[in-house]
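Subject: Structure handover

Hi,

Here is the structure I promised to pass on. My notes on it follow below.

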Amino acid sequence: MILKDEEGYPTGTWEGRPWKVVEHGLLTAESPDLLPHAEKAGVALNNLRAGLRVVRGVFMPSSSTTDRIWDLANEDDVGAFVRDALRVSVKNPSKVIDFVNRWGVLGTSGEALFGQAALDVIKTFPGANSMAATCEALSKAQAAAQQLDALKRRRAPSEAAWREWAAGLEEWLFSVRPSIRWDPVKGPKPAWTVERPVDLLWITLWDWATRGGRLRRCEHCDGWFPTRDPRKRYCATVCTNRASAAAFYDRQRRAKQRRGATA
Ligand SMILES: [Zn+2]
């Protein structure tokens, strides 16, 4: 994916790998089949249960077949993923499970967030993504998008407010790293490597913040998108098409009603 500045010049590229989407279920402290997992990892069942309560369960693949693969560097995939992530209701665990089944896990495990309480969970399910860590990342990104929108609306930019916002983002940006992309014509070129979907949230917010324009919410899907065009109402062509199809059927339905009323 190539990032461009306002004039359309490339400012950098980012590279990402294909991300597998596998159907997941949530394994919680109340799940009946925890004992064999605990025994295998050599942890006490009670400690595992306590840890699972803290992290509100971990996502476990419930199937070994890959549903689909998406590309962490594909502009359309990334746009749809970020819009979806920024509007999923984190208060509703079943919505979060649906989200994980659409996009795969975010790639964020709870080690840093939950410390000691999560150790037995991590030991038992290495690399597993927890509900709490997933919701934490989603709500941080959602709050950052709201704040960014408010900052961009201000008539006079405040350096202090922007710095505060950027500091909140920077603590998450560390996992995006510089790398080298191979251009068959020009040779080695700079690139940023994104390893996990969660990083796309931070790098997209960083991109939205450092380019001009405003943030808007799509009138069809409610997804955030950046634009310099005040007339732009929809995030992507697919939403423009769906909205005009909906308007068409709406007009037809009303015309029918009118005909019915006059008949
Ligand atoms: Zn939309």
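D222 is exposed, with 12 other C-beta atoms within 10 Å. The scale is this: a residue is buried if 20 or more other C-beta atoms lie within 10 Å of its own, exposed if 12 or fewer, and partly exposed in between, with C-beta atoms placed from the backbone. D222 sits in the loop between β7 (214-217) and β8 (224-227). Its phi is near 70°, a positive value in a residue other than glycine.

Two notes on provenance. This is a predicted model, where local features need pLDDT of at least 70, side-chain atom pairs count only at pLDDT 80 or more, and totals for chains, interfaces and linings use all residues. Residues are numbered from 1 along each chain as its sequence is written.

R56 also has a positive phi, about 55°, and is not a glycine. Its loop runs between α2 (45-54) and β4 (58-71). R56 is partly exposed, with 19 other C-beta atoms within 10 Å. For background, most residues other than glycine have a negative phi.

Overall figures next. The protein has 9 helices and 8 strands. These are DSSP runs, numbered from the N terminus: helices are H or I with at least four residues, strands are E with at least two. The C-alpha trace spans about 70 × 65 × 45 Å along its principal axes. Of the 263 residues, 27% count as buried. Take contacts between residues at least 6 apart in sequence: 66% of them join residues at least 24 apart. Contact means that two C-beta atoms, placed from the backbone, lie within 7 Å.

Now the helix packing. α6 (residues 131-153) and α8 pack at about 5°, with their axes 10 Å apart. That makes α6 roughly parallel to α8. Axes are lines fitted to C-alpha atoms, for helices over the stretch in contact, and angles run from 0 to 180 degrees between N-to-C directions. Under 35 degrees counts as roughly parallel, over 145 as roughly antiparallel, 65 to 115 as roughly perpendicular, and the rest as oblique. On the α6 side, the contact uses A137, A141, A144, A145 and L148; on the α8 side, V198, L201, L205, W208 and A209. By class, that is 10 nonpolar, no polar and no charged residues. Nonpolar covers Ala, Val, Leu, Ile, Met, Phe, Trp, Tyr, Cys and Pro; charged covers Asp, Glu, Lys and Arg; the others, Gly among them, are polar.

α3 (residues 75-85) meets α8 (residues 197-210) at about 85°, again with axes 10 Å apart. α3 is thus roughly perpendicular to α8. V78, F81, V82 and A85 of α3 touch P197, L200, L201 and T204 of α8. This contact has 7 nonpolar, 1 polar and no charged residues.

The largest nonpolar core has 50 residues. Such a core is a set of buried Ala, Val, Leu, Ile, Met, Phe, Trp, Tyr and Cys residues joined through C-beta atoms within 7 Å. Those with the most contacts inside it are V55, V58, A85, A141, L200, L201 and L205. α6 gives the largest share of this core, 8 residues.

Last, α4 (residues 93-103). Its V96, F99, V100 and W103 are buried. Down the axis of α4, the buried residues fall within an arc of 100°, so they line one face of the helix. The elements covering them include β3 (18-27), β4, α3, α6 and α8. Just after α4, G104 takes a positive phi of about 85°.

Best wishes

Note on methods: Arc of directions from axis to C-beta.
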